[in-house]
Amino acid sequence: MKKQLLKYSMTGLIVSCVLFVSGCATSIEPWVKPYERDNLADPIMSANRNPVSSSYTMHAFQAREGARGAEGGAGGGCGCN
Amino acid sequence: MNSKPLSNFVLLFIAVMSLTLLTAFTAGAAELQSAPDFTLKSNSGENLRLEEQQGNVVIVNFWASWCAPCREELPHFDAMQKEYEDLGFTVLAVNVDEYPEKANNLLNDIPVSFPVLFDNLDKVSKLYDVRAMPTTVIIDRDGNKRLTHYGYKSGDEAKYKEVVKALLRE
Amino acid sequence: MNPTKLVLFTLFPLLLVFSFNSTSAVLPQERADVMYHSYEGDGMSIDGPSVLVRKQIGNKVSVSANYYVDTISGASIDVLATASAYEEERTEHSVGVDFLHNKTLMNLNFTSSSENDFEARSVHFGISQDFFGDLTTLSMGYSKGWDEVGKRGDENFLEEAERQQFQFGLTQVLTKNMILGINFENISDEGYLNNPYRSVRYIDPTADRGYRFETEVYPNTRTSNAAAINLNYYLPYRASIYGEARIFSDTWGIDANTYKLGYIHTFGDNWILDLRVRQYQQGNADFYQDLFSRSAEFNFRARDKEMSSFKNTSIGLSVTYEYRFSQSSWLEKGTLNYELDHLRFQYDDFRNVLADAPVGEEPLFEFSANVTRLYVSFWY
């Protein structure tokens with residue numbers, strides 16, 4: 001039951017991503033402008049500020065717990081270039 | 001378990017290739033548009049107006065203290081300022097930090113010989129449709145935008161120099 | 001092929017065709033980190049170094065290398081139940097390359113881990129794309145791993161396992177102060193999947209203790225799915241709060257939840273403090289039992305406490321001192337960091353067989369552990 005839920009929500013999310021992006025991409029302007037990313041660029045907002053430490057900590061938990069995966073974020077940051 | 005690994009990988013490879021082939025690089029627009037006028041407070045304390053610079057070649061560079069490529073670029077602009085100033089050229093560095101103190105702290109460390117203007121309310125950024133950080137606009141002696149470059153990568157300063165030299169000769 | 005994967009792989013390129021074109025992304029920052037790590041708990045002491053160096057080459061390429069060692073000594077409850085304390089060392093090497101092409105960031109990583117009774121190699125390929133005004137980042141990853149499992153004291157013992165992982169992530173900037181992340185990961189393993197040192201116990205009135213041990217038997221396939229959502233929110237006085245929730249489910253019957261909440265506070269320009277709590281809860285695997293009624297009662301049987309029902313509650317704190325070098329220096333920034341997490345494991349159906357009690361009525365096991373990190377980082 002839980003597996004089905006995960007599978008369907010995964011597929012549903014991806015499909016809606018595609019529709020959303022393809023439909024809106026060219027008509028909606030980004031609502032946070034590149035010059036408004038002061039706070040988002042701050043290292044304290046970074047998902048993975050210290051990769052060496054976070055990968056070690058993730059390993060310490062994963063080695064002792066049954067669950068694995070879907071950890072760690074991506075993106076954010078200054079959006080430069 | 002499965003022959004899936006190979007087919008998975010092939011599909012992923014196809015995804016990657018379509019990705020690289022479909023991404024386009026947005027270069028600067030080449031239409032002759034007049035650069036919008038603006039007045040901002042500068043680091044010398046006085047207000048500075050773009051129109052006053054008519055007759056000079058101007059580089060308007062939008063930067064922020066939190067933007068690493070922007071910081072990298074500043075010394076290159078300083079070199080250009082020193083080299084071409086006497087020929088009728090200036091860089092106007094428009095800082096978009098919400099708190100100008102952050103910009104000043106940085107400038108204590110990287111002194112620059114060109115004016116730094118403060119656009120902390122983002123009015124000029126909107127006017128110039130700043131789509132990336134940094135954004136560099138090169139304006140000719142008649143006040144027209146001749147090049148708009150988004151972003152900065154090592155080597156871009158050579159491109160700016162070429163355009164400036166050509167515009168100085170006009 | 002799995003319909004979900006089909007959707008993933010065919011829609012992704014389509015997504016890019018329609019995406020809003022803006023300018024490119026950035027390579028990971030150049031840096032070097034030297035860390036001392038330590039785990040102490042349940043009779044085990046594991047510590048060692050971890051060193052990372054990352055260097056950019058030109059504008060499009062960044063390479064990195066990591067060296068990691070675990071020096072293990074002591075004996076956990078699992079070991080003490082059937083054997084005695086031991087010492088071991090595990091070394092892991094990893095090299096990676098990141099390639100930037102306009103808005104696309106690709107990375108390839110090779111990792112190799114080696115200890116006297118276990119060898120593991122893995123390769124990872126990841127790709128991420130910024131679009132929609134750089135407010136959205138979509139990333140996908142694929143990993144493949146090969147394990148060789150040995151057993152100390154048994155030279156003829158050699159088993160293998162293979163693993164495949166598919167990752168999908170979406171990061172979305174919601175406001176000037178808020179970032180949302182969603183991650184999915186599907187992992188499937190095949191081969192010898194248990195720990196050769198773990199045993200199950202079954203009731204045997206003829207034994208001194210009232211029970212005997214025999215080797216675990218696990219299924220030789222396992223598929224798991226995990227989904228997580230995380231949020232980062234910036235507070236006006238230069239602080240942030242973050243949270244994460246994850247659900248997990250696999251074909252072995254393990255269902256698990258993880259909840260994490262953290263707060264980062266800065267003092268001036270140089271000090272960063274991070275406080276966090278984490279709650280992990282899992283239900284046991286279908287074939288897990290602390291005590292079986294007889295030998296070979298079921299086809300599959302496990303008593304590894306990792307397969308049991310338990311909770312892991314942890315609190316943690318990190319302190320960072322940051323120093324910005326002057327612009328003329330080749331170093332940009334340096335940090336000194338201390339991090340500590342205190343873990344508390346409480347088992348609902350795993351008993352402490354070392355305790356003196358009637359068979360099957362031993363107290364439920366629990367233990368605490370401290371995970372420490374001490375490191376310096378440099379950006380250049």
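## Chain A

Helices, of at least four residues, and strands, of at least two, are DSSP runs numbered from the N terminus. In this predicted model, chain A has three helices and zero strands. Read from the N terminus, its elements follow the pattern α-α-α. Of the 81 residues in chain A, 42% are buried.

## Overall make-up of chain B

Chain B has five helices and eight strands. From the N terminus on, these elements run α-β-β-β-β-α-β-α-β-α-β-β-α. Chain B has 170 residues, and buried residues make up 38% of them. Among the contacts in chain B with a separation of 6 or more, 68% join residues 24 or more positions apart.

## The sheet of chain B

Eight strands of chain B form an open sheet with mixed pairing. The order of the strands across this sheet is β1-β8-β7-β4-β5-β6-β2-β3. Strands β1 (33-34) and β3 of chain B stand at the edges with a single partner strand each, so one side of each is left without a neighbour in the sheet.

Parallel pairing is found between strand β4 (residues 57-63) of chain B and strand β5 (residues 89-95) of chain B, which are joined over seven bridges. Within this pair, B:Ile59 stands opposite B:Val91 in β5(B).

Strand β2 (residues 39-42) of chain B has antiparallel pairings with two strands described here. With strand β3 (residues 47-49) of chain B, the pairing extends over three bridges, and B:Thr39 has B:Arg49 in β3(B) as its bridge partner. β2(B) and β3(B) form a hairpin with four residues between them, and B:Gly45 in the turn has a positive phi of about 100°. With strand β6 (residues 116-118) of chain B, β2(B) pairs over two bridges; here B:Ser42 stands opposite B:Leu117 in β6(B).

## Helices packed in chain B

α2(B) lies across β4 and β5 of chain B and runs at about 155° to β5(B). α5(B) packs on the sheet as well, where it touches β4, β5, β7 (135-139) and β8 (144-150) of chain B. The direction of α5(B) makes about 15° with that of β7(B).

These helices also meet each other. The axes of helix α2 (residues 68-84) of chain B and helix α5 (residues 156-169) of chain B come within 11 Å and cross at roughly 25°. Because angles under 35 degrees count as roughly parallel, α2(B) is roughly parallel to α5(B). The crossing of α2(B) past α5(B) is right-handed. On the α2(B) side, the contact is made by B:His76, B:Met80 and B:Tyr84. On the α5(B) side, B:Glu157, B:Tyr160, B:Lys161, B:Val164 and B:Leu168 take part. By class, this contact has five nonpolar, one polar and two charged residues.

## Where chains A and B meet

The contact between these chains takes 18 residues from chain B and 10 residues from chain A. On the side of chain B that touches chain A, 11 residues are nonpolar, two are polar and five are charged.

In chain C, strand β12 (residues 221-235) and strand β13 (residues 239-250) pair in the antiparallel sense over 12 bridges. C:Tyr234 stands opposite C:Ser240 in β13(C). The hairpin of β12(C) and β13(C) has three residues between the strands, and C:Arg238 takes a positive phi near 60° in this hairpin.

β13(C) also pairs in the antiparallel sense with strand β14 (residues 255-267) of chain C, over 11 bridges. In this pairing, C:Ile247 stands opposite C:Asn257 in β14(C). Four residues lie between the strands in the hairpin of β13(C) and β14(C), where C:Gly253 takes a positive phi near 90°.

## A loop glycine in chain C

C:Gly210 lies in the loop between β10 (199-203) and β11 (211-215) of chain C. C:Gly210 is partly exposed, with 14 other C-beta atoms within 10 Å. Not counting residues up to four places away in sequence, C:Gly210 touches C:Ile203, C:Pro205 and C:Val359. C:Gly210 and C:Pro358 are 148 residues apart in sequence, while their C-alpha atoms are 8.4 Å apart in space.

Conventions. Residues are numbered from 1 along each chain as its sequence is written. Chains are lettered from A and ligands numbered from 1 in the order in which they are written. This is a predicted model: local features need pLDDT of at least 70, side-chain atom pairs count only at pLDDT 80 or more; totals for chains, interfaces and linings use all residues. Two residues are in contact if their C-beta atoms, placed from the backbone, lie within 7 Å. Ala, Val, Leu, Ile, Met, Phe, Trp, Tyr, Cys and Pro count as nonpolar, Asp, Glu, Lys and Arg as charged, and the others, Gly among them, as polar. Two strands pair if DSSP finds at least two bridges between them. Axes are lines fitted to C-alpha atoms, for helices over the stretch in contact, and angles run from 0 to 180 degrees between N-to-C directions. Angles under 35 degrees count as roughly parallel, over 145 as roughly antiparallel, 65 to 115 as roughly perpendicular and the rest as oblique. A crossing is left-handed if the near helix is turned anticlockwise from the far one by less than a right angle, and right-handed if clockwise. A residue is buried if 20 or more other C-beta atoms lie within 10 Å of its own, exposed if 12 or fewer, and partly exposed in between; C-beta atoms are placed from the backbone.
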